[in-house]
Amino acid sequence: MTNSIQELEYAKLLFVIGSNTTEAHPVISYYIKRAVRNGATMIVNDPRRIDLCQWASHYVQINPGSDVAYINGLMREIIANEWHDKVYVEKFTEGFEELRKTVEGYTLERTSEITGVSVETIREVARILHEIHPASVVYTLGITEHICGVDNVRSLANLQMLLGNMGFYAGGLNPLRGQNNVQGSCDMGALPNVFCGYQRVDDSNARRKFEKAWNVTGLSPKPGITMTEMFADALHGSVKALLIAGENVIQTEPHMAHTIRCMEACEFIVLSEIFYNETAPYADVIFPDRAWGEEDGTFSNTERRMQRVRAAVKPQGDARSHWWIMNELGKRMGVDMKFETSNDVWEEMRSLSPGFNGITRERIETIGLQWPCPTTSHPGTPFLHVGGSFTRGKGLFAAIEYSPPAETPDSDYPFWLSTGRRLWHYHTGTQTHNSLGMDDLFGEELIEISPVDAARLGIKTGDWVRASSRRGTITLRAWVIDRSPEGLCWTSFHFAKACANELTIDAFDPISKTAEYKVCAIHLEKAADGEPLGSTLVPRRQARP
Amino acid sequence: MELTIDGRNVPFRAGQTVLDVARENGIYIPTLCWHPRIGPSSRCRLCIVEIEGTRGLQTACSVLAGSGITVRTDTEIVKTARRMTVENLLYDGHHDCIACEANGRCELQDVAYRLGIREYPVVSEPAQLLDDSSAMIVMDPNKCIVCGRCIIACNEIVGNDVLTFSQRGYRTKIVCDTAVPMAESSCVQCGECLQLCPTGAITEKKSAGKGREWELEKVNSTCPYCGVGCQVILHVDRAANRIVRISGREVPPNDGMLCVKGRFAYEFTESPKRLTKPLIKKDGKHVEVSWDEALDYTARRFKEIKEKHGADAFGFIASSRSTNENAYATMKFSRAVIGTNNVDNCART
Amino acid sequence: MSDSINEILAQFPNAAADKLIPILQAIQNSEGYLPMEAIHAIADHLRVPSGKVYGVATFYNQFRFEPAGKNRITACRGTACHVRGGKNVISAIKQYLGVEDGETTPDMKYTFETVACLGACALAPVIVVGQKYAGKVTPKKAVTILEKL
């Protein structure tokens with residue numbers, strides 16, 4: 001997030017796109033709802049009529065995967081009416097002319113045709129974006145999990161720069177990150193191209209610094225490969241060994257059958273895990289890891305706030321911290337990383353990361369600090385790009401054309417399938433399924449089907465349906481609900497028994513290598529009559545109409 | 001600016017209430033419906049004080065401090081009125097502290113103690129049925145003092161709009177939606193109501209009987225679920241090595257608020273299904289081995305693969321669920337020990 | 001959903017929450033009570049949580065949630081009526097109808113209720129049958145009135 005979570009409560013205009021906030025980030029949804037109560041205008045843009053729509057002043061139903069066309073259409077309307085922030089564009093950005101030329105092709109009519117949004121609605125949304133400043137753009141995986149995910153994000157950045165909304169309190173571009181420490185893993189340099197603090201591996205100065213600090217030579221200047229490439233390369237034979245720390249990849253990766261082939265092909269797989277999950281059978285070695293609650297350390301949240309996590313209970317059995325495992329393996333391979341406590345790791349990281357240097361454990365004892373925080377007297381940074389200053393100098397507009405999803409419905413696979421998270425569970429459920437009562441709240445996966453499609457197929461809530469894509473088939477019960485528009489089904493990957501990722505497509509964004517979890521094509525048929533969902537299974541949704 | 005409370009001159013800032021000033025200066029004024037995150041609602045009538053020159057008793061939570069005013073918090077009239085209010089609350093409900101989950105963290109119990117109330121009848125049979133239909137939350141109307149904190153919590157703080165007052169006067173009752181059992185209501189089990197309930201009227205179902213407030217150690221931490229990074233307090237039974245309950249810390253980014261996962265999905269750490277010993281696959285089956293064996297074996301295989309296929313034949317995936325320290329260690333291991341930049345995390349899923 | 005409820009809601013197009021009480025009254029006038037489905041329909045119509053509608057509806061004595069009998073008999077238990085023998089009148093009515101306060105006879109002919117004061121103390125004891133007030137009622141007179149219905 002360029003801005004802070006609590007600023008959302010004071011936003012004047014919220015533009016939410018591809019974020020099912022009430023389920024995926026409930027606490028952020030509380031602030032958003034409070035903003036609406038405070039009088040904020042909220043535009044929710046999503047293919048599904050998600051529960052947050054009940055608080056929205058405007059709900060825009062867009063076709064799956066049509067985000068770039070939609071944003072371009074909005075920008076064309078804004079520029080055509082001279083509603084963009086000309087001073088901001090002139091002073092703080094470059095590439096405007098090219099952007100103008102590209103979006104020129106997205107006339108109201110063409111945009112409407114691609115996105116399914118009416119011409120009047122596009123006009124109305126553009127007018128609101130012009131009238132209320134600053135707007136806070138909030139997005140989640142509905143934007144990034146597409147083959148055009150990077151394009152989607154850059155389109156939103158274009159929109160915010162065009163409107164002059166970057167660098168202001170309660171404005172900015174705010175991705176809500178999915179996992180507790182996905183921000184932190186990136187901050188720590190668990191990425192193929194950067195060390196901790198986003199210092200590039202192809203920068204020889206950075207390498208020299210790390211070589212000296214780590215007392216090693218010859219750090220590789222060649223950026224590595226991403227996780228999805230590691231799997232593909234395992235299948236092709238160039239990757240021989242994988243070490244996976246705490247991710248149930250069989251269930252989380254798209255196209256499960258493909259992931260299984262990759263795992264089977266890999267010569268040596270090491271896991272560091274807390275449960276014997278669906279990925280475990282493929283491992284050669286499994287280290288029992290310490291779980292949250294047993295582990296001392298820090299997380300970075302979605303607003304770049306580094307916060308303390310503390311050990312509250314003794315670890316189960318012989319479980320050890322992952323950093324200890326790494327340290328032990330290092331010693332056995334001739335490099336002593338010299339970690340004795342988790343704070344040793346933190347201190348080393350801090351000394352090597354200028355942006356995090358000011359964040360000592362003492363300073364975040366009670367309240368976390370937001371990076372950049374270069375010195376121990378720096379107060380941290382609640383929002384970035386103050387007044388329009390960007391890291392690279394001027395903000396660069398990217399002229400982007402719309403491209404359709406990798407797979408679209410046809411006569412064999414006539415439905416869109418979109419996937420995501422439910423309020424009641426987390427990812428593959430290794431934590432939530434093993435916590436008391438969570439399965440009473442939501443105990444089996446359901447596929448959401450629109451009332452129109454359900455009526456046509458003779459399906460009612462509780463019936464068993466078979467959902468198939470070109471990659472696999474799952475059988476699960478139906479939930480007929482108007483959250484889904486006609487032609488679109490939705491389900492999650494929380495349950496191994498009926499996991500959406502048996503169906504999802506292994507098509508990736510060429511830059512981020514993120515898979516297109518949000519759209520693929522499926523075939524749907526009724527398998528058997530089912531009982532109505534029992535009282536403990538009745539899917540709850542918030543009652544507000 | 002100064003005002004006088006119980007004969008003491010105390011300073012105040014513009015916008016402060018008499019209650020704020022008293023609390024800041026260590027002067028005891030009891031409250032039940034007031035809470036820092038709720039503000040004044042003047043329902044419970046416990047913060048009443050005498051203010052010179054005004055008629056009757058005033059509620060300190062809603063009267064702004066003013067220069068030169070004289071406040072008395074300890075007169076007989078004030079004490080009698082407060083005592084009567086609390087006694088009425090105690091007579092009206094079923095306040096059996098021994099059995100109550102909130103014993104030790106009950107604000108009603110605290111004010112009764114402070115006001116020197118020694119006797120009150122505990123009826124043997126509670127008049128109203130409790131609602132334990134939902135997975136996580138128990139509502140006991142017999143312990144409800146109708147202070148309205150849960151209503152504000154549910155409707156204004158988290159905006160879930162489930163709890164509401166029904167009826168009026170002494171029949172007033174807090175219900176879910178249209179007075180349906182909580183399990184059948186639109187409640188999403190975020191638990192904000194129980195975090196702000198001053199008595200045992202709304203409590204955690206799973207923690208019942210597992211430890212008194214004063215026996216549990218409080219450990220500050222960060223929620224392990226989504227990227228919001230909510231700050232939590234873990235209430236820990238050290239002897240049993242168990243997290244008994246979780247509450248929200250009232251600091252950024254969540255200001256005390258949590259969701260169903262953050263507040264209630266914590267037992268996975270003590271699950272009997274946890275991995276507790278290193279495993280190595282031998283003849284197609286995973287067998288338990290010692291740490292030394294697992295580490296030696298892994299190091300040997302890593303060395304072999306590195307020698308035979310080079311550093312770029314490795315792939316490292318750090319967990320986005322684990323700590324920064326663990327991610328850094330994975331990153332350093334892949335680069336400094338193996339010598340490859342093939343390190344990534346699950347940011348892409 | 002009954003058509004009559006939808007018709008009533010259609011008379012309040014684009015209504016905001018301030019129309020809640022008029023809508024509740026209109027539905028009760030038409031249906032004789034507020035069916036639970038009406039509470040949910042009103043909530044949808046006004047875009048407010050169902051609990052808010054329920055809370056307001058239960059706050060006021062004028063709204064009822066059970067179907068009422070054809071004849072509604074209301075007896076006053078206010079101070080003036082009480083000292084003039086209102087209690088005996090109430091007992092007589094209960095005995096005659098075989099119902100308690102707030103109940104409806106199984107044949108759905110009579111609903112009996114008491115209220116704290118009808119504001120007609122000069123006529124104490126007072127009962128109201130339908131829209132008609134009857135004053136200076138005795139137990140005997142009350143039964144006679146009921147027999148005539």
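This report describes aromatic pairs and charge–ring contacts in a predicted model.

Residues are numbered from 1 along each chain as its sequence is written, and chains are lettered from A in the order in which they are written. Local features need pLDDT of at least 70 and side-chain atom pairs count only at pLDDT 80 or more, while side-chain values use heavy atoms, without hydrogens and water.

Over all chains, the search of the whole structure finds 25 aromatic pairs. Rings of Phe, Tyr and Trp (its six-membered ring) pair if their centres lie within 6.5 Å; planes under 30 degrees apart are stacked, over 60 edge-to-face and the rest tilted.

| Pair | Centre to centre | Angle between planes |
|---|---|---|
| A:Tyr169 and A:Phe383 | 6.4 Å | 70° |
| A:Phe195 and A:Trp214 | 6.0 Å | 75° |

A:Tyr169 lies in the loop between helix 9 (149-162) and strand 6 (173-175), and A:Phe383 in the loop between strand 12 (369-370) and strand 13 (395-396), so their pair ties together parts 214 residues apart in sequence. Helices (H or I, at least four residues) and strands (E, at least two) are DSSP runs, numbered from the N terminus. A:Tyr169 is partly exposed, with a relative accessible area of 43%, whereas A:Phe195 and A:Trp214 are both buried (buried is under 20%, exposed over 50%, partly exposed in between, with a 1.4 Å probe and protein chains only).

One aromatic cluster comprises A:Phe268, B:Tyr297, B:Phe302, B:Phe314, B:Phe316 and B:Phe333.

The charged end of A:Arg48 sits over the ring of A:Trp490, 4.1 Å from its centre (NZ of Lys or CZ of Arg within 6 Å of the ring centre and within 35 degrees of the ring normal). B:Lys206 lies over the face of B:Tyr266, at 4.8 Å from the ring centre.
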